[in-house]
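Good morning, everyone. Please look at the structure on the screen while I talk.

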Amino acid sequence: QVHLDESGGGLVQAGGSLRLTCTATGHTDGLSKMGWFRQAPGKNLEFVARILWSSRITAYGLSVEDRFTISRDNASSTAYLQMHDLEPEGTAVYYCTSSDVLTAGEWAYWGQGTQITVSA
């Protein structure tokens with residue numbers, strides 16, 4: 001079992017920056033990838049970014065790929081999401097997720113979510 005703890009959300013003005021942190025604890029030896037999704041009020045869950053743990057290969061959702069950067073620290077089993085030029089449309093609950101397999105679209109563990117509110 002893996003437990004994910006997120007931090008770093010909050011209120012920010014449009015155009016501002018935030019960094020989210022997600023630390024995995026528990027059985028992390030098999031960690032293969034970590035990622036972020038977000039869910040805005042009344043909308044479906046949206047893919048934001050993911051990083052493959054060994055290769056550090058990253059992928060981003062189209063709406064964030066030029067403004068967000070995902071990275072990781074292997075020693076602490078922590079993933080980071082650096083967000084720049086935030087937009088009001090980015091207001092959402094952001095969820096960290098991880099998996100022990102590389103299968104696309106397969107995610108096993110989820111954090112509790114952290115709220116980001118972007119004011120216009």
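I will go through a sheet, then the charged pairs, then the aromatic rings.

First, the ground rules. This is a predicted model: local features need pLDDT of at least 70, side-chain atom pairs count only at pLDDT 80 or more, and totals for chains, interfaces and linings use all residues. Residues are numbered from 1 along each chain as its sequence is written, and side-chain values use heavy atoms, with hydrogens and water left out.

Let's start with the sheet. Strands of a sheet pair through backbone hydrogen bonds, either parallel or antiparallel. Here, 4 strands form an open sheet, and the order is β1-β3-β8-β7. The pairing is antiparallel. A word on terms: helices (H or I, at least four residues) and strands (E, at least two) are DSSP runs, numbered from the N terminus. Two strands pair if DSSP finds at least two bridges between them.

Which strands stand at the edges? They are β1, residues 2-7, and β7, residues 68-73. Each has a single partner strand, so one side of each is left without a neighbour in the sheet. From one strand to the next, the twist averages 20 degrees. Axes here are lines fitted to C-alpha atoms, for helices over the stretch in contact, and angles run from 0 to 180 degrees between N-to-C directions.

β1 and β3 (residues 18-26) are antiparallel and share 6 bridges. Find Ser7, and opposite it you will see Thr21 in β3.

Now the charges. Side chains of opposite charge can pair when their charged atoms come close. We call it a salt bridge when a side-chain nitrogen of Lys or Arg is within 4 Å of a carboxyl oxygen of Asp or Glu. How many salt bridges does this rule give? The count is 2.

One joins Arg38 and Glu46, at 2.9 Å from N to O. Arg38 is buried, at 6% relative accessible area. Glu46 is partly exposed, at 31%. The cut-offs are these: buried is under 20% relative accessible area, exposed is over 50%, and partly exposed is in between (1.4 Å probe, protein chains only).

Glu87 and Arg67 make a salt bridge too, with their closest N and O atoms 3.6 Å apart. This pair links distant parts of the chain, 20 residues apart. Glu87 is in the loop between β8 (78-83) and β9 (92-99), while Arg67 is in the loop between β6 (58-60) and β7. Glu87 is partly exposed at 34%, and Arg67 is buried at 13%.

On to the rings. The structure has 3 aromatic pairs. Rings of Phe, Tyr and Trp (its six-membered ring) pair if their centres lie within 6.5 Å; planes under 30 degrees apart are stacked, over 60 edge-to-face, and the rest tilted.

Phe37 and Phe47 are edge-to-face, 5.5 Å centre to centre, with 70 degrees between the planes. Phe37 lies in β4 (33-39) and Phe47 in β5 (45-52), so the pair ties together parts 10 residues apart in sequence. Phe37 is buried at 12%, whereas Phe47 is partly exposed at 28%.

Phe37 also pairs edge-to-face with Trp107, at 6.0 Å and 80 degrees. Those two are 70 residues apart: Phe37 in β4, Trp107 in the loop between β9 and β10 (109-110). Ring pairs link Phe37, Phe47, Trp107 and Trp110 into a cluster.

Last stop: charges over rings. The rule asks for NZ of Lys or CZ of Arg within 6 Å of the ring centre and within 35 degrees of the ring normal. The charged end of Lys33 sits over the ring of Trp107, 4.3 Å from its centre. Arg72 has its charged end over the ring of Trp53, at 5.4 Å from the centre.
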